[in-house]
Amino acid sequence: MSKEKKPKEPLPPLRQWIHVVALGWLIPGGGHFLLGRRGRGALLAGCVVLMFVLGLLMRGTMFQPQTGDLLTTIIYVGGFIADLCAGILYLLTVWLGYNQPDVAGHAYDYGTKFLVGAGLLNVLAMVDAYDIATGKKD
Amino acid sequence: MPKLTLSHFEASLLFAFLTSVVLGVVTKKTDRERLIYGLQTFGYFLLALFGLGWLMYLGHG
């Protein structure tokens, strides 16, 4: 029995979605606002901002990219990318001098995970905005 | 900036709630489906939270 592969769908034109995704990265929920999905955008923005602020209040650590063995690279580079995905929240925090050292304790650990989680939730919001901009979703 | 110290349970609950809202919003098409999926996801988070909590408690001896 031969399995036939589906032909790969071509990527929609860049100008159709790049500004939506870029704004969605920079301002959580911004892509949705640009597309006129205000309620959805507000909910997503609220969740991302709240998670990020809770992370800061718990004194979470921002990851700095580090390489070494495979696990170190995955954790630190992956964590840095996830932090960066929170857009303006991350940039403002770093520009304003937030520099929490990595301290032992469950509250600090949760804070770090909340900061990473906020970035990852923003990635979900960006993918949703991409789907709407390219017509894959209503 | 004040420091917030939450218990494991409170922090996990907040994380589960916010993640469930986002997953509900981005995954489904109608508002009703979103609400149901969000609640379902939150329920699964709670189930995992209590399940793993008990597992660690019993495993710890």
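**How two chains cross**

The helices α3(A) and α1(B) cross in a left-handed way, where left-handed is the term for a near helix turned anticlockwise from the far one by less than a right angle, clockwise being right-handed. Helices are DSSP runs of H or I with at least four residues, strands are runs of E with at least two, and both are numbered from the N terminus. The model is predicted, so local features need pLDDT of at least 70 and side-chain atom pairs count only at pLDDT 80 or more, while totals for chains, interfaces and linings use all residues. Residues are numbered from 1 along each chain as its sequence is written, and chains are lettered from A and ligands numbered from 1 in the order in which they are written.

**α3(A) against chain B**

- α3(A) packs on helix α1 (residues 8-27) of chain B at an angle of about 155°, with the axes 10 Å apart; axes are lines fitted to C-alpha atoms, for helices over the stretch in contact, and angles run from 0 to 180 degrees between N-to-C directions.
- α3(A) is therefore roughly antiparallel to α1(B); angles over 145 degrees count as such, those under 35 as roughly parallel, 65 to 115 as roughly perpendicular and the rest as oblique.
- From α3(A), residues including A:Arg40, A:Leu43 and A:Leu44 meet residues of α1(B), among them B:Leu14, B:Leu18 and B:Val21.
- This contact of α3(A) with α1(B) has 11 nonpolar residues, no polar ones and one charged; Ala, Val, Leu, Ile, Met, Phe, Trp, Tyr, Cys and Pro count as nonpolar, Asp, Glu, Lys and Arg as charged, and the others, Gly among them, as polar.
- Across the two chains, 20 residues of chain A are in contact with 17 residues of chain B, contact being C-beta atoms, placed from the backbone, within 7 Å.
- On the side of chain A that touches chain B, α6(A) gives the most, with nine residues.

**Chain A as a whole**

- Chain A has six helices and zero strands.
- The C-alpha trace of chain A spans about 50 × 45 × 25 Å along its principal axes.
- Residues 24 or more positions apart account for 71% of the chain A contacts with a separation of 6 or more.

**Inside chain A**

- α3(A) and α6(A) pack at an angle of about 160°, with their axes 7 Å apart.
- These two helices, α3(A) and α6(A), are therefore roughly antiparallel to each other.
- The contact of α3(A) with α6(A) has 11 nonpolar, four polar and no charged residues.
- A:Gly119 lies in helix α6 of chain A and is buried, with 26 other C-beta atoms within 10 Å.
- A:Gly119 is 32 residues from A:Gly87 in sequence and 7.7 Å from it in space, C-alpha to C-alpha.
- The buried residues of α1(A) are A:Trp17, A:Val20, A:Leu23, A:Gly24 and A:Trp25, and their cover includes α2 (30-34) and α6 of chain A.

**Chain B**

- Helix α2 (residues 31-60) of chain B has 30 residues and reaches 43 Å from first to last C-alpha, close to the expected 44 Å, the expected span being 1.5 Å times one less than the number of residues.
- α2(B) is hardly covered, as one of its 30 residues is buried.

Methods. Buried ≥ 20, exposed ≤ 12 C-beta atoms within 10 Å, placed from the backbone.
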